[in-house]
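These are my notebook entries on a single protein chain. I set down each item as I looked it up.

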Amino acid sequence: MKYNPVVEKMKSVARRGIHYLHKLNAEHIPKHVLEKGQARVIEASLTLIRERAKLKGELLRSLGGVVASAALLGVPLGHNSSYLQGPAFAPPFIREAIWCGSTNSTTEEGKDISDPRVMIDVGDVPVQDLRDCCVDDDRLMNIVSDSVKIVMEEEPLRPVVLGGDHSISYPVVRAVSEKLGGPVDVLHLDAHPDIYDAFEGNKYSHASSFARIMEGGYARRLLQVGIRSINWEGREQGKRFGVEQYEMRTFSKDRNQLENLKLGEGVKGVYISIDVDCLDPAFAPGVSHFEPGGLSFRDVLNILHNLKGDIVAADVVEYNPQRDTADAVTAMVAAKLVRELTARISK
């Protein structure tokens, strides 16, 4: 689907209008009635993920010998984007690309993603349904965290989350840290540091997710790689939180270090967050923010393949199908990132 700015603007206005109408309707519903209805919808949402995860966990445990299997969990959330909201539509496109048949099911490391011991799928958090029931962002973030914890309760599942915009990383990393009982090391690949205190007044903005993560103490180390759109606040926030920021302007100097990372020792493991726009737009045009001068796809794979550490969870975010090419090349890029992550996680 080609991006049309006029159509996108109309959709944005329509979305705001719909949610305003929901708000008006909610104001005429007694508070206790609304809260009881919301509670039922939330419980139904979590129950569906719980039962799917339980079924897949039971299957893997019956097979025996599986230490970790990647579990896909979609979080189709886009309203915390500062520019375009297309990432809300990404999870089904990524899934379609994973299984489209244009390539075989074997990863570069030789693992077969059709084997449930490598990858299974537990479905999506129904973000739009929840928002249509007037569930606010505070509760929505808690629902995302609870969904991740539900997946992690079913050994040997480890969540690989399909975004969605980058705001989802905060509730996911929070859940992983809380469930494991301590901080993790985070490897964050992105064109942007996403560490504003509250971008445009939104504490849950996709540009503020890593400020929330660091404030909460959910990460011991945060390494940001691929950065090439950063202002004074991004650098000051990086200093404030002790972030290790690797900008593209020095990538040739930093390459050897970044392709030989060793993370996670002394903490609960490694979390990997990949914003698709870490790649140069030549490799991934289907993103909301075009930032030339980025990583090549092979640069990213070299970093992932050579990383030493126990990867406990990951996300792939900010793919925008509304800006992709007609043949959905960026969906295939996002799909391959997911495939290679599952190969690194499963064991």
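**Entry 1: I195 and its surroundings**

I looked up the contacts of I195, where contact means heavy atoms within 4.5 Å. Leaving out residues up to four places away in sequence, I found that I195 touches A207, F210, A211, G234, Q237, G238, F241 and V243. I noted that the model is a predicted one, in which local features need pLDDT of at least 70 and side-chain atom pairs count only at pLDDT 80 or more, while totals for chains, interfaces and linings use all residues. Residues are numbered from 1 along each chain as its sequence is written, and side-chain values use heavy atoms, with hydrogens and water left out.

I then placed I195 in the loop between β4 and α7. Helices (H or I, at least four residues) and strands (E, at least two) are DSSP runs, numbered from the N terminus. Is I195 buried or exposed? I195 counts as buried because its relative accessibility is 1%. Buried means under 20% relative accessible area, exposed means over 50%, and partly exposed lies in between, with a 1.4 Å probe and protein chains only. I also checked I195 against S208: 13 residues separate them in sequence, and their C-alpha atoms are 4.6 Å apart in space.

P193 counts as buried because its relative accessibility is 7%. Which residues does P193 contact, leaving aside neighbours within four places in sequence? I listed H188, F210, Q224, I227, S229, I230, G234 and Q245. I compared P193 with R95, 98 residues away along the chain, and found their C-alpha atoms separated by 27 Å.

D194 is in the loop between β4 (184-189) and α7 (209-215). Its phi is near 50°, a positive value in a residue other than glycine. D194 counts as buried, because its relative accessibility is 7%.

**Entry 2: C134**

I recorded another positive phi in a residue other than glycine: that of C134 is near 65°. C134 sits in the loop between α4 (127-132) and α5. Its relative accessibility is 26%, so C134 counts as partly exposed.

**Entry 3: cis peptide bonds**

Which residues does the cis peptide bond with omega of about 5° join? I found E155 and P156. P156 is placed in the loop between α5 (137-153) and β3 (157-163). I found another cis peptide bond between G163 and G164, with omega of about 10°. G164 belongs to the loop between β3 and α6 (169-180).

I located G216 in the loop between α7 and β5 (219-227). G216 has a relative accessible area of 37%, so it is partly exposed. S177 is 39 residues from G216 along the chain, and I noted 9.9 Å between their C-alpha atoms.

I located D146 in helix α5. D146 is partly exposed because its relative accessible area is 33%. D146 and P321 are 175 residues apart in sequence, and I noted a C-alpha to C-alpha distance of 27 Å.

**Entry 4: helix α11**

Of the 17 residues of α11, 14 are buried, so the helix is largely enclosed by the rest of the structure.

**Entry 5: the whole protein**

I looked up the radius of gyration, which is taken over C-alpha atoms; the globule rule is 2.2 Å times the number of residues to the power 0.38. A compact globule of 347 residues would have a value near 20 Å, and the protein has 19 Å, which agrees.

How much of the protein counts as buried? I found 55% of the 347 residues. Among contacts with a separation of 6 or more, 78% come from residues 24 or more positions apart.
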